[in-house]
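This report describes side-chain contacts for a reader new to the structure. The sequence and the model are shown first.

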Amino acid sequence: MPAGFSRTPVDVVVVGAGVVGAACAYYSARAGLAVAVVDAAGIAGGTTGAGEGNLLVSDKEPGPELALALRSLALWRELDGDLGCDSGFEYERKGGVVVAESAEAHARLEAFAAGQRAAGITAEPVRDAELADLEPRLAPGLPGGIHYPQDAQVQPMLAAAALLRAARAHGATVHPHTRVTALERDRHGRVTGVVTTGGTVAAGAVVNAAGTWGGEVAVLAGVEVPILPRRGFVLVTEPLPPMVRHKVYSAEYVANVASSSPDLETSAVVEGTASGTILIGASRERVGFDRTLSLRVLQRLATQAVRLFPFLAGVSAIRAYRGFRPYAPDHLPVIGHDPRAPGLFHACGHEGAGVGLAPVTGSVVAALLTGQDPGLDVRPFRPERFDSTAVPA
């Protein structure tokens, strides 16, 4: 059996040691369940390790995902109090500033923000002359924007590691470099454990938190969850004194997040980190798991970032990285029990919002595992919603 596994069945096996899987493990172990986490790579070895750590409400239209994000922001604040001092995952309530680069984009942005305010989001209009008060190094002449003080950021790999350390403190075990090759099922079709490269582990339930590989794990149980990889690149600058105060992005980013196009889409996203580097994104394209470094994409990102912050023209980029967002066709995560495969729970398909939505996903999954009320309507996220015979929620 994998190192650290006992022969005693566990209550839950969590497949995936990214930030969503880590949150599922933490909240489940805290609820008193015996938890084992397995991952084919290492901790945060997938999408989490290639993310920026955004905790955003600014990019979400009113609806079920925004409700998730609001609750998750509150949970991140709690986690910072419970884990942050010892774990140091760089939680920062920096806020976000969305800027328009044309009068037409400004009108659309203001209409979008009005809908968010009606849903309980703090979205403060910023006139052109006021932008410099928030971000002195922004390009002059922009028509205006919206300030979102609720937006925040964490260092995603540190956050995943902190959640897993806390899960271990509640008795969970973590097993990196352990690939799941099959799901055990009884004669009634119920999922009863996992078969891994190191052996078989019996469990009362299995949580699919495998990110972009969530669809492949679902297939092992004989069900379909249509999750696809959506590639994105991030440029990283040399360390600098504090230059960018908020997460700043162009209004076009909101449209790109909601887009279903498989083609390349880029929009300027610029933010500083605790180490002094500046992260520059964001790109989206569906190219499978192609990890080829694209200079064309990086050039577009750099050009768009310089258009927002002209000082970046004289700053060196020291590296670039890429990852794959777990994309679902309706842009909503897949969360909850799968009635097509009893014993299987899903916590995947968060696309670019996995870090932000990790705590609420973990708390909902833990509640469902223990028969508690999750405190919100999970029907929009139900795993079977993509079936052609599925009944609308």
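The sections below cover the basis of the report, then salt bridges, then aromatic rings.

## Basis of the report

The model is predicted: local features need pLDDT of at least 70, side-chain atom pairs count only at pLDDT 80 or more, and totals for chains, interfaces and linings use all residues. Residues are numbered from 1 along each chain as its sequence is written, and side-chain values use heavy atoms, with hydrogens and water left out.

## Salt bridges

A salt bridge is here a side-chain nitrogen of Lys or Arg within 4 Å of a carboxyl oxygen of Asp or Glu. Under this rule, 13 salt bridges are counted.

One of them joins the side chains of Lys60 and Asp59, with an N to O distance of 2.9 Å. Burial is judged by relative accessible area, with a 1.4 Å probe and protein chains only: buried means under 20%, exposed over 50%, and partly exposed in between. Lys60 is buried at a relative accessible area of 7%, and Asp59 counts as buried at 10%.

Helices (H or I, at least four residues) and strands (E, at least two) are DSSP runs, numbered from the N terminus. In the salt bridge between Arg230 and Glu351, the closest N and O atoms are 2.5 Å apart. Arg230 lies in strand S12 (residues 228-237) and Glu351 in the loop between strand S18 (344-348) and helix H9 (354-369), so the pair ties together parts that are 121 residues apart in sequence. Both Arg230 and Glu351 are buried.

Arg385 and Asp330 also form a salt bridge, their closest N and O atoms being 2.7 Å apart. Because Arg385 is in the segment after H9 and Asp330 is in the loop between strand S16 (317-327) and strand S17 (334-337), this pair ties together parts that are 55 residues apart in sequence. Arg385 is buried, with a relative accessible area of 13%, whereas Asp330 is partly exposed at 34%. Salt bridges with shared partners also join Arg230, Glu265, Arg284 and Glu351 into one network.

## Aromatic rings

Rings of Phe, Tyr and Trp (its six-membered ring) pair if their centres lie within 6.5 Å; planes under 30 degrees apart count as stacked, over 60 as edge-to-face and the rest as tilted. The structure holds six aromatic pairs. Among them, Phe309 and Phe311 are edge-to-face, at 6.0 Å centre to centre with 80° between the planes. Phe309 is buried, its relative accessible area being 0%. Elsewhere, ring pairs link Trp213, Phe289 and Phe324 into a cluster.
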